[in-house]
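Please read this report alongside the sequence and the 3D view.

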Amino acid sequence: MKTKTAFIFDLDGVIVDTAKYHFIAWQRLAKKLDINFTEKENEQLKGVSRVKSLEKILSWGNKTISEELFQQLMDEKNQDYLNLISKMDEKEILPGVKQFLTALQDNNHPIALGSASKNAKTILKAVNLLEVFDAIVDGNHVEKGKPDPEVFLKACAQLNTEPTNAIVFEDSIAGIQAANAGGMLSVGIGQKEVLHEADHCFENLTQFDYDFFQNIISQTKN
Ligand code: BG6
Ligand code: MG
C-alpha cells in the first residue's frame, strides 16, 4: 500500500494572518530606535526568525547594540506581539483553511505544521486548530531557519514520510526555498511575482480544492 501524501503548512500568513501583528510590533520597536520600517521591509521578515528579524532591522538602521539590549528588545517585541495576539480566535483563520484541512482529514492525510514561530502552539490553541496537526515543528525545535529545509525535514521525519511524499504550503520566499531545498512540492500562498520559485502558486486557500492536489498525487504516484 502507498503511504498517504503528507501536507505541511506554514502558520503565519497561511493559516492565520499574524503578519499584521508582527508588523505592528516591529514597527513600534523600529520607531523607538529611529529606524524607518514600512510594509516593504516587513515583507522581508516573513518566515524569518525573531533573532534574524531584529538583526535585519538593526542593519537597515546601521545600528550596533549590546547583546544585553538585543535580548531586551527581542523580549519587548515578543511581549507586544503576545498582547496583540491575545484576543485571537477562530475568526482569524484565513479563508479556505478550515475546509481544506477538513478535506485532508476526511481523506486520512498526515498533516504537519512547519513554522519559524516560537509562538506557534499558543496561536493554534487560540484559533482552536491544535488537534488538527499530527506533528508540530516550530521555532523551538530548529537550529537553522528557513530557507534551510530543517523545519520541513523534521516535520516529514515526525510524520514518518519521505520529503518527496510531502506538499508544503508557504507564504514566504524563504519558506518556498526551504521546501524546494528539502525536495518537497512547494505551494506558494500569495503573489506569483514574489513566490515565483514555487511549483504552484495561489492567492489564498479558496483558490483551489482537495481535488486539485488529488489529481497531482495520482499523476505522480501512478
Ligand atoms: C514566522 C513569521 O512565521 O515566525 C516571522 O513569518 C516571525 O515574521 C517568525 O519573525 C518568528 O516568530 P516568533 O513568534 O517566534 O517571534
Ligand atoms: Mg509565513
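## Helix H7 and its surroundings

The buried residues of helix H7 pack against strands S1, S2, S3 and S4 and against helix H8. Those buried residues are Glu150, Val151, Phe152, Ala155, Cys156 and Leu159, and H7 itself covers residues 150-159. Here buried means under 20% relative accessible area, exposed means over 50%, and partly exposed lies in between, with a 1.4 Å probe and protein chains only. Helices (H or I, at least four residues) and strands (E, at least two) are DSSP runs, numbered from the N terminus. An α-helix has 3.6 residues a turn, so residues three or four places apart point the same way. Just after H7, Asn160 has a positive phi of about 60 degrees.

This is a predicted model, in which local features need pLDDT of at least 70 and side-chain atom pairs count only at pLDDT 80 or more, while totals for chains, interfaces and linings use all residues. Residues are numbered from 1 along each chain as its sequence is written, chains are lettered from A and ligands numbered from 1 in the order in which they are written, and side-chain values use heavy atoms, with hydrogens and water left out.

## The sheet

In what order do the strands of the open sheet lie? The order of the 6 strands is S3-S2-S1-S4-S5-S6, and the pairing is parallel. The edge strands are S3 (135-137) and S6, each of which pairs on one side only. Averaged over the sheet, neighbouring strands are turned by 20 degrees against each other, direction ignored. Two strands pair if DSSP finds at least two bridges between them.

Helix H8 packs on this sheet and touches S4 and S5, and its direction makes about 170 degrees with that of S5. Axes are lines fitted to C-alpha atoms, for helices over the stretch in contact, and angles run from 0 to 180 degrees between N-to-C directions. Contact means heavy atoms within 4.5 Å. Helix H5 lies across S1, S2 and S4 and runs at about 155 degrees to S1.

Strand S5 (residues 185-189) is mostly covered, with 4 of its 5 residues buried. S5 pairs with S4 in the parallel sense over 4 bridges. In this pairing, Ile167 stands opposite Leu185, and Val168 stands opposite Ser186. S5 is also joined to S6 (residues 200-202) by 3 bridges, and these two strands run parallel. Gly188 has Cys201 in S6 as its bridge partner. Together, S4, H8 and S5 make a right-handed β-α-β unit. A crossover is right-handed if, with the strands pointing away from the viewer, the path from the first strand over the helix to the second runs clockwise.

## Single residues

| Residue | Relative accessible area | Class |
|---|---|---|
| Asp10 | 4% | buried |
| Asp171 | 10% | buried |
| His109 | 6% | buried |
| Glu203 | 61% | exposed |
| His196 | 58% | exposed |

His109 is in the loop between H5 (97-106) and S2 (111-114). Not counting residues up to four places away in sequence, His109 touches several residues, including Lys4, Phe7, Asp134 and Tyr210. A polar atom of the His109 side chain lies 2.8 Å from the backbone oxygen of Thr5.

Glu203 is in the loop between S6 and helix H9 (210-221). Leaving aside neighbours within four places in sequence, Glu203 is in contact with Ile189 and Gly190. The C-alpha atoms of Glu203 and Gly190 are separated by 4.5 Å, and the two residues are 13 residues apart along the chain.

His196 lies in the loop between S5 and S6. His196 and Leu153 are 43 residues apart in sequence and 22 Å apart in space, C-alpha to C-alpha.

Terms used: Polar contact = N/O pair within 3.5 Å; in protein donor to acceptor, adjacent residues only side chain to side chain.
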